[in-house]
Amino acid sequence: MVRWQPSQEDDVHVLITGAAGMIGRKLTARLVADGRLGDRPLDRLTLADVVAPTPPEDGPSTEVVAADLTRPGAAEELLESRPDVVVHLAAVVSGEAEADFDKGYAVNLDGTRALLDAVRTAHLADGWTPRFVLTSSIAVYGAPLPNPIPEDFQQTPLTSYGTQKAIGELLLADFSRRGFLDGVGVRLPTICIRPGRPNKAASGFFSSILREPLVGQEAVLPVPESVRHWHASPRSAVEFLVRAAVLDTALVGPRRTLSMPGLSATVGEQLDALRRIAGERAVRLVRHKPDEKIMAIVETWAAALDATRAERLGFVAETSFDEIIRVHVEDELGGVLPS
């Protein structure tokens with residue numbers, strides 16, 4: 001098994017797929033602000049998505065690429081520059097993957113497989129062995145679920161999205177075992193509070209019931225307040241990816257995907273935190289409107305995970321929803337709630 005071990009003096013070139021998405025943009029901003037990845041100066045960025053991402057105004061040399069990884073040859077073209085680190089974020093989100101079976105498998109499975117295969121082909125040609133960070137999801141687990149879910153619990157996803165992510169985890173482990181790349185999988189909690197417009201993720205309401213009321217807008221809650229789920233902020237998600245990119249994989253072992261730390265909270269506890277920070281007026285903006293389709297998906301998801309292995313490797317997340325809301329206010333609202 002080959003491990004990625006650049007010297008501390010080496011400049012680093014990072015490729016981010018899905019770079020136009022929320023996490024991709026925040027990861028780019030973090031790398032540019034730091035000017036480094038771990039102990040190595042950041043020399044170059046390649047930002048790829050189906051629509052060309054917006055390059056940062058400052059920072060290292062940056063190439064932006066409009067690339068559809070489901071197109072034959074696209075992955076090989078993207079890897080011609082041989083980046084040191086590949087962070088694979090490109091994906092179709094849960095609700096959309098469930099609604100559009102073909103699109104979900106094309107992007108989440110075929111696109112991932114194409115990128116991994118392109119890395120393997122390059123490795124066999126010239127020995128290039130990058131660090132490969134793969135984002136996975138708690139959706140790889142399916143009910144009935146223990147609470148918390150241990151990392152060695154069987155993966156029996158009950159959504160197409162979860163199935164696609166579980167296959168990706170297996171591919172990452174096998175390609176790492178064969179030495180084609182040095183992979184680390186990051187099994188993300190639901191990211192909350194997501195900024196910007198809602199996406200098609202079934203989990204989107206976890207963010208909208210906080211994000212919209214914080215700026216005086218109504219939001220719809222499609223599930224009971226008793227629903228419990230596993231969360232982390234966008235800030236934590238970026239930190240997970242940065243840490244995975246520099247982690248000594250000798251400490252990870254053959255199980256290459258790690259369940260990330262998070263916060264287990266009910267919807268009611270989310271609203272209690274909103275009340276403490278923004279007052280009762282904000283909570284009244286949340287309108288209850290049950291949605292059986294969303295509930296059927298959410299019922300299959302994790303309430304809490306045992307993230308002991310990741311925590312021992314230095315991964316950390318928020319410990320209260322008050323903290324998650326404050327992160328959103330600081331990062332998205334200029335540190336001040338609208339009056």
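Visitor: What is a nonpolar core, and which of its residues have the most contacts inside the largest one?
Guide: A nonpolar core is a set of buried Ala, Val, Leu, Ile, Met, Phe, Trp, Tyr and Cys residues joined through side-chain atoms within 4.5 Å, where buried means under 20% relative accessible area with a 1.4 Å probe, protein chains only. This is a predicted model, in which local features need pLDDT of at least 70, side-chain atom pairs count only at pLDDT 80 or more, and totals for chains, interfaces and linings use all residues. Residues are numbered from 1 along each chain as its sequence is written, and side-chain values use heavy atoms, leaving out hydrogens and water. The largest core has 35 residues, and those with the most contacts inside it are V14, I16, V87 and F315.

Visitor: Which element gives the largest share of this core?
Guide: Helices (H or I, at least four residues) and strands (E, at least two) are DSSP runs, numbered from the N terminus. Elements giving two or more residues to the core include β1 (12-17), β5 (85-88) and α7 (234-246). The largest share, seven residues, comes from α7.

Visitor: How are the planes of Y141 and F153 arranged?
Guide: Rings of Phe, Tyr and Trp (its six-membered ring) pair if their centres lie within 6.5 Å; planes under 30 degrees apart count as stacked, over 60 as edge-to-face and the rest as tilted. The centres of Y141 and F153 are 6.3 Å apart and their planes are at 55°, so the pair is tilted.

Visitor: Is Y141 buried or exposed?
Guide: The relative accessibility of Y141 is 1%. Y141 therefore counts as buried.

Key:
Buried < 20%, exposed > 50% of the residue type's maximum accessible area, 1.4 Å probe, protein only.
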